[in-house]
Amino acid sequence: MGSKSPEGHRDTLHGSGGTTSIFASNPPKPDAASGLLHGKLEGQDNDDDDEDSNKGTGSDIESGITPLESGGQKKKRRNNRGRKKKKAVIGQQTYPPRIALANIFANKPYPEGQIVDYVQDENLQRTTAEELRHQAALGNMDDDFLKDYREAAEVHRQVRKHAQDIAKPGISMSDLAQNIEDGVRSLTGHQGIEAGDALKAGLAFPTGLCLNHVGAHWTPNPGGKEVILQYDDVLKVDFGVHVNGRIVDSAFTVASNPIYDNLLESVRAATNTGLREAGIDARIDHISGAIQEVMESYEVEINKKVIPVKAVKNITGHNILRYKIHGDKQVPFVKSKTTQRMEEGDIFAIETFGSTGRAYLRDDIGVYGYGRNENVSTAGLHHASARSLLKTIDNNFGTLVFSRRYLEHMGVKNYHLGMRSLVSNGIVDCYAPLVDVPNSYIAQFEHTVLLRPNCKEIVSRGDDY
Ligand SMILES: [Co+2]
């Protein structure tokens, strides 16, 4: 999920604190940002583990079905399904994925993400101040941090694998969203219906399904017009999984028509550049510059017109805090003026967006989702329906961003009036879709990376992207 950057804001969608952050040097780290385990962890001894365990789960997921294989796959799948026992076997996932990972992995550790060693640089030796900050971070350490993160990431990989399989021309956006949301709820083992259950684990923000010139923050709403995926569409799939508030934010782009291959490749390469440059003490302006350089070295030919790919200027990657998708740091995709650095214990959503249009997004009409603004007093809120809706929001979403679909999933009805009151009082922020000019195309790729003390872990990395 993209974070809006300061320039050109009409309102501060993601918290006013964030608007000045890219120009500031490192602000004090909130408690919630910490929680990285120090030292060696389960299954960490060698880097090859990663690939092996991913492969292992890959076959678990599919039970002999390879969702992305081409040619005659329908038939093969049916045969496999016929063979499969009704009851799920330990270690096996169903198709579509609906078995909680806790049952599949039993006592086995969840697979690690991609582990990358930090590059040793003599100029970047730890200062005493940084060591002290590190000690402070250890004080907030949570033993379950990595376990929760890796579980959320594995849920993301399994669910997106199926989403990639079904995101083909003819599918409706609401079917695709439902499939993703059912998958995340099932695999985390939290259906999110009883009070408070969605806060334990599940969807971290509204499922983003953005077509073509819609860059970010579009989701199918209940009662909205059906949107059907077309052969010539460029679709960004951006969804988040959390386990105990540990949020994995990861996104990819699909397009059936190969004319967009270069657009997708430029953005994939730009995101990988950002991930490569990320690290403890890495300067954010340097990362942004590297991202832009890679992205804008590509061009794409659409309808016999050669168009340079441009890095989108006014949304950014961002750090992630517990239960909070957008922290106080932003990573633009264009070179920016800041002396801010990444820090040990930070969690970053490294995402990039490339566009064939103006590469500047504006708010469109419509609603993507809502998020509680903790800094606004509720004392003046008298409206009974607004008060009861607020209670539902606080009990079930906390500071997680949620959609109308998620409210209706819980059986909440007639919330429009109460929501209007909460939004007009500033108690809840309302997020709009973000669009470029019509007839342009935007692609996005995104991963979540943990800046652990001794290595960085691209926790959402899979064999797909
Ligand atoms: Co994001």
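Strand β9 (residues 310-311) is joined to β12 by two bridges, and the two run antiparallel. Strands are DSSP runs of E, at least two residues long, numbered from the N terminus; two strands pair if DSSP finds at least two bridges between them. The model is predicted: local features need pLDDT of at least 70, side-chain atom pairs count only at pLDDT 80 or more, and totals for chains, interfaces and linings use all residues. Residues are numbered from 1 along each chain as its sequence is written.

Ala-311 has Gly-354 as its bridge partner in β12. Strand β10 (residues 315-319) also pairs with β12, antiparallel, over two bridges. There, His-318 is partnered by Ala-349. Nine antiparallel bridges link β12 to β17.

Strand β12 spans residues 347-355, and nine of its nine residues are buried (20 or more other C-beta atoms, placed from the backbone, within 10 Å of the residue's own). In a regular strand, side chains alternate between the two faces of the sheet. Ile-347, Ala-349, Glu-351, Phe-353 and Ser-355 point one way from β12; Phe-348, Ile-350, Thr-352 and Gly-354 point the other way.

UniProt, in an unreviewed entry, places a "binding site" at Asp-238, Asp-249 and Glu-446. These residues spread over 209 residues of sequence but cluster in space, with a largest C-alpha distance of 8.2 Å. Such annotations may be inferred rather than shown by experiment. Asp-249 lies in strand β6 (residues 246-255). Asp-249 counts as buried because it has 30 C-beta neighbours inside 10 Å. Glu-446 is in β17 (residues 442-451) and is buried, with 26 other C-beta atoms within 10 Å. Beyond four places in sequence, Glu-446 is in contact (C-beta atoms, placed from the backbone, within 7 Å) with residues including Asp-238, Asp-249, Ala-349 and Glu-351.

Notes:
Helix = DSSP H or I, 4+ residues; strand = E, 2+ residues; numbered from the N terminus. Buried ≥ 20, exposed ≤ 12 C-beta atoms within 10 Å, placed from the backbone. Contact = placed C-beta atoms within 7 Å.
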